[in-house]
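Thanks for making time this morning.

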Amino acid sequence: MTYSNSRKTFPAATAVIALTAGLGAPAFAQTTDAQRIAELEARVAALEESGNEPLSFGLGPNTTLEFYGYFKTDFIYDFDYDLGNTTFGLVSIGPGGSDDGGFTGTVNQTRLGFRTTTQTALGELGTQVELDFYGAETAFSDGEAEPRLRHATATLGGFRVGKYWTTFMPLSSYPSTLDFQGVVGIPFARQEQLRYTHEFGNGFVGEVAIEDHNTGSEDPVFVAAMAYDTDPLLLRLSGITGTIDDETDDDENFYGVNVSTSAQLWQGATFDAAYTYGEGIASYLVFLGDDVDANGDLIEVESAYAGLTQEVGEKWTFRGIYGVRENKSGAPNGTERLRSVHLNAEYQLLENATLGVEYFNGEREEFGGDTYDTDRIQTSFQINF
């Protein structure tokens, strides 16, 4: 009887346990699925947030590698003098120059680069290598695309070593042009260097550097800069000095000073400007030039530019930029004064793609008073990656 009652009870207990398990299993499965869905949603959100970041991946427990760059193609029509792939031809317009105009296209500004970041006991070690395709001897006129090294540099703490923008440049105050050459009047060079940067706090940043000379002087160049960098306003002062061969087996001491600013004026508006003065620094300015004259004397030069950028909505950006440069001495029929005007508009077609159009007017004045000017229209398409 007891055994019989036990047999009847056991199936009942088993049924209760089975029922409980059956009810619990779906609940457990539903909880697991919900967790998986939440994790997938989080991963998708993270991927969407990182969609604009350059491609990067790890090389080890402490190192990451990042690729970056852009594809850019330009179509250009010169109405007067044929300047070529960039406006560098402005320095040679005048008698003997082709003034029939013409059409050209180029992809030389396309850029490729990579950066590495390694966490070390001394801090973050970074490297950068960057190329464009202005490597041909005639790349700025009508040359085809050939690779050219732009940057090859390493950073650790406040130190930078390698080839990079000269410390003399006011890089943060450069107005943007579709033309690769840029605005008349801006200091511009990439030099091998050893630089130290120190942040003093409250927006003050100081830099000192020893650099190679831009035209091959056998002596080092010394550069220093101090900047006050805040969100609405940037003020920067830089100086450069060194020696240069005056072509009579004597060395001349050259120097240059640059003061620059970038300011947020109102919603979407930025004003950039700079003034440069010096003796023997023509090779450090856009459009280059001789640092010494035929007598072996340093050429005094001054230059300036000012630009206004206005963002309109989320898609449009408009710019107007004026630049001027004056050489105080030079050979007859040599360039005494250069002037440029850039007016451009860019439209953000996609998140990483822009269309642009730019009008350029340039003027060259010779020693002696003759003046020549030229106009061009440039359109650009750029995809960043």
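**Charged pairs and pockets**

Let me begin with a single side chain in this predicted model: Arg337, with a relative accessibility of 24%, counts as partly exposed. Its partner in a salt bridge is Glu363, and the closest N and O atoms of the two are 3.4 Å apart. Because Glu363 belongs to strand S17 and Arg337 to strand S16, this pair ties together parts that are 26 residues apart in sequence.

Stepping back to the whole chain, the secondary structure comes to one helix and 18 strands, and 40% of the 385 residues count as buried. If we take the contacts between residues at least 6 apart in sequence, 56% of them join residues at least 24 apart.

The structure holds 15 salt bridges, and I will pick out two further ones. Glu130 pairs with Arg111, with the closest N and O atoms 4.0 Å apart, and since Glu130 sits in strand S5 and Arg111 in strand S4, the bridge ties together parts that are 19 residues apart in sequence. Both partners are buried, Glu130 at a relative accessible area of 6% and Arg111 at 13%. These two residues also take part in a network of salt bridges that links them with Asp132, Arg148 and Arg150.

The other pair is Glu302 with Lys328, whose side chains meet at 2.8 Å, N to O. Here Glu302 lies in strand S14 and Lys328 in the loop between strand S15 and S16, so parts 26 residues apart in sequence are tied together. Glu302 is partly exposed at 23%, and Lys328 is partly exposed at 33%.

Arg111 brings us to the pockets, as it is among the residues nearest the centre of the largest pocket, together with Tyr70, Gln109, Ser176 and Thr177. That pocket holds about 910 Å³ of space and has a lining of 38 residues, which divide into 15 nonpolar, 14 polar and nine charged. Strands S2, S4, S16, S17 and S18 each supply at least two residues of this lining.

Which residues lie nearest the centre of the second largest pocket? They are Arg160, Arg195, Thr197, Val205 and Glu207, out of a lining of 22 residues. The elements giving two or more residues to that lining are strands S7, S8, S9, S10 and S11, with the largest share, four residues, coming from S7. This second pocket contains about 560 Å³ of space, and its lining has nine nonpolar, seven polar and six charged residues.

Methods: Residues numbered from 1 in each chain as written. Predicted model: local features only at pLDDT ≥ 70, side-chain atom pairs only at ≥ 80, totals over all residues. Heavy atoms only, no water. Buried < 20%, exposed > 50% of the residue type's maximum accessible area, 1.4 Å probe, protein only. Contact = heavy atoms within 4.5 Å. 1 Å grid on protein atoms, 1.4 Å probe; cavity = no way out; pocket = protein on both sides within 12 Å on 5 of 7 lines; lining within 4 Å. Points joined across faces, edges and corners; volume = space filled by probe spheres on them. Nonpolar A, V, L, I, M, F, W, Y, C, P; charged D, E, K, R; others polar.
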